Structure formats: structure tokens, C-alpha cells
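Please open the model in your viewer and keep the sequence panel beside it.

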Amino acid sequence: MTYARIGGTGSALPGEPISNDALIATHRLDSSDAWIAERTGIRSRHLADAAETSSELAATACRRAIEDAGCEANDIDLIIVATSTPDFVFPSTATLLQAKLGIVNGAPAFDVQAVCSGFVFALAIAEKFIASGASRRALVVGAEVFSRILDWTDRGTCVLFGDGAGAVVLEAADGPGILASAIHADGRHQNMLSVPGQLSAGKAVGDPFLRMDGQAVFKFAVRVLTDVAQEVLAKAGLSTQDVDWLVPHQANVRILQSTAKKLGLTMDKCIVTVDRHGNTSAASIPLALDVSIREGKIRRGDLLLLEGVGGGFTWGATLLSY
Ligand code: ACO
């Protein structure tokens, strides 16, 4: 049996951290550092400037991941980018990334659109390519510039998000690696979180900004994150007690706390980076993973439970031995 294991990780954040107070002052928001920190756990985030794109952030994260894996860019034979803020309608951000990395070996490159669950969707797809023998070494990336789709007059959403990218090199291996994964969607909940606009005749038609029913998202997220964590643990024949680190999508610290509590995990087993990154959508899990590995928290051999939930609605989890 061929397993898929993480050979290396990397991440990228644009510019300097922007505090809640600085954000409030720039956009003249009727808000406060205390409100944002108390309701969301967010204290700062990074925001891309007008010239920085998802593919640019992805390229920086991937160069770091490739170096960490000890391979060359042209050893990569599959590129999957999870993003909801692509550089263009097309070509895909994955092909732009491929060119930026100088990968000229004909490797397939494509984007996955599952909003904040995008990285776990991309990981599940890449794992199937590797397990089937179709790929030996994949780049799996989450990259976002959500600042481009925020309504800076809507204090209920614009304080929640940040920009960034995270990447892993996923390699074929004789031992684990990924032990179990599960991905799900239910399109009936499309209106709970969406950017309902589109491009037509050269113009944005409809509403081009992110809209959200925050309380409905909160309840839905905690329920499906708990369920899908239990699903992958059951698939692998393991229990929450075996988990060394929960690496959840970083939406809001209260969602993380509620999910950990429902799973019977203490917060000292839960990776939290939402305080300094905000919600970076598809980038949040690989960013949290890379930062925690480089800080020495997550170590080789640890059992990790990665899980995400996002617009669509979509949700999923991956259980893996790092
Ligand atoms: N500063 C000050 N006041 C605010 C702000 C703000 N930034 N935003 C909203 N408020 C106000 C509201 O206007 C409202 O005022 P009112 O009572 O005068 O009408 C009051 O605060 C309460 O608003 P609620 O929406 O009820 O606040 P709630 O406690 O639900 O917190 C929040 C809002 C933080 C968005 C919460 O619902 C939440 O965390 N939901 C989860 C959503 C989430 O994390 N989404 C991320 C994207 S989805 C994903 O990644 C899966």
C-alpha cells in the first residue's frame, strides 16, 4: 500500500501584522479592540497590498515547502491550489503558480474551490492521486487575498479575515502519512456565507462582497467539525485521546473552543493562530500547520487532526501521522 505523507511545509504572510486598533482607525469602523478580541479571539491579521496576489503568496509558501522537503521544484508532479480569491477568472492560480516556480515537466495543475474547507478538499484529492500511483510528489496549497472581497463598511465581517498562504509537499511513502480523510458538502446552505456576485460583460454583477449570517455559521461549524472529526477517527480506528494536535480552520477562537470541548480535547491540544492571522480561509490550516511546526510545537510522529468548514457549505477532515 502506498501512503501519502507530508515531506515539507511552508507559508507566507504579506506585510506587517495590522492590529485591531489600526484596522478600526484606517476604515473608521464603529468597533473596538475589546469587542473583536472577545467575540473572535482575533488581535491582528496581515493584509496584502494592491499588487500582491494569491499566486504570489502561494509561490513564496511553496518555495519554503519545497526547500523543507529537500526536493527540487521539477520533482513536483501535481499542483492543487485551494482558493476562493484567484488572481483571475482563468487561468487557474495553480497554473500561474506552476510558471512562477519554474515547473516545466507537464505536471497537472488545477484549483479547488471549497472556500475555507479548500485545503482539506485538496489534501483528500492529492492523497487519492498518490495512493493510486498517479503522482509521487504533490504540492497542496491554500492561498487567499480575502481582503479583496471584504466590504470595509461592514464591521460584522471585515474585522474577521486576513490574507496569506500555506503549502505542503505531499509525498508517496511506505508508511503513514494520511490515515483517513472525509469531505462533505450540502448546497442547501449556500446563503449562510457567500459572495453572490459574478462577472458579466466586463462588470461585477450582483454583490461582489462577502456576506454572512454569523450566528448560523457558528452553530453549523461547531456541529459539522465535531461530526467529521469523529468520522475520520472512527475510519482509522482511533479516538480523540490518540490525537496530539487538533489543527482546525482558524475562523474564530470560540468555534475552536466549542469544537475542542465537544470532542473532549483540552485547548492545549488545539493549534490557535487566528489571534495573529485572522481567518485566512483556505490558507488557514496549512498556515497554522507550518507555523506550529517551525515553532517546534508539532513534531515528527505526532498524530494530527486537520479539519475545515466553509461556504457552500463544505466541510472535511484529515487524520495523519506527521
Ligand atoms: N464591532 C462592534 N460591534 C459589532 C461588530 C464589530 N466588529 N460586528 C457586529 N457588531 C455588533 C452587531 O451590529 C450587533 O449590534 P446590535 O446588537 O446593536 O444589533 C452586535 O454586535 C451583536 O451582533 P451579533 O452578530 O449577534 O454578534 P455575535 O456575538 O454573533 O458575533 C460574530 C458576531 C463574531 C461574527 C459571530 O457570529 C461569529 O463568530 N460567527 C462565526 C462566523 C465566522 O467565524 N465566520 C467566518 C467565516 S465562516 C468560516 O470560516 C467557516
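**Stop one: a glutamine in a loop**

Select Q190, whose side chain reaches the backbone oxygen of G187 at 2.9 Å, a polar contact being a pair of N or O atoms within 3.5 Å, where within protein one must be able to donate a hydrogen and the other to accept it, and residues adjacent in sequence count only if both atoms are side-chain atoms. This is a predicted model, in which local features need pLDDT of at least 70 and side-chain atom pairs count only at pLDDT 80 or more, while totals for chains, interfaces and linings use all residues. Residues are numbered from 1 along each chain as its sequence is written, and side-chain values use heavy atoms, with hydrogens and water left out.

Q190 lies in the loop between β8 (178–185) and β9 (193–194); strands (E, at least two residues) and helices (H or I, at least four) are DSSP runs numbered from the N terminus. With a relative accessible area of 48%, Q190 is partly exposed, where buried means under 20%, exposed over 50% and partly exposed in between (1.4 Å probe, protein chains only).

**Stop two: the ligand**

Next, select the ligand and the 22 residues around it, of which S31, R39, Q215, H249 and N252 come nearest; a residue belongs here if one of its heavy atoms lies within 4 Å. A polar side-chain atom of S31 lies 2.6 Å from a nitrogen atom of the ligand, and an N or O atom in the side chain of Q215 is 2.7 Å from a ligand oxygen atom. Colouring by secondary structure shows that α7 gives the largest share of the shell, four residues.

**Stop three: salt bridges**

Now show the side chains of R137 and E171, which meet in a salt bridge (3.3 Å, N to O), that is, a side-chain nitrogen of Lys or Arg within 4 Å of a carboxyl oxygen of Asp or Glu. This pair links distant parts of the chain, with R137 in strand β6 (residues 137–145) and E171 in strand β7 (residues 163–173), 34 residues apart. Which of the two is buried, and which partly exposed? E171 counts as buried at 12% relative accessibility, whereas R137, at 24%, is partly exposed.

Finally, move to R276 and E295, whose closest N and O atoms are 3.0 Å apart in another salt bridge. R276 lies in helix α9 (residues 274–277) and E295 in the loop between α10 (284–294) and β14 (303–310), so the pair ties together parts that are 19 residues apart in sequence.
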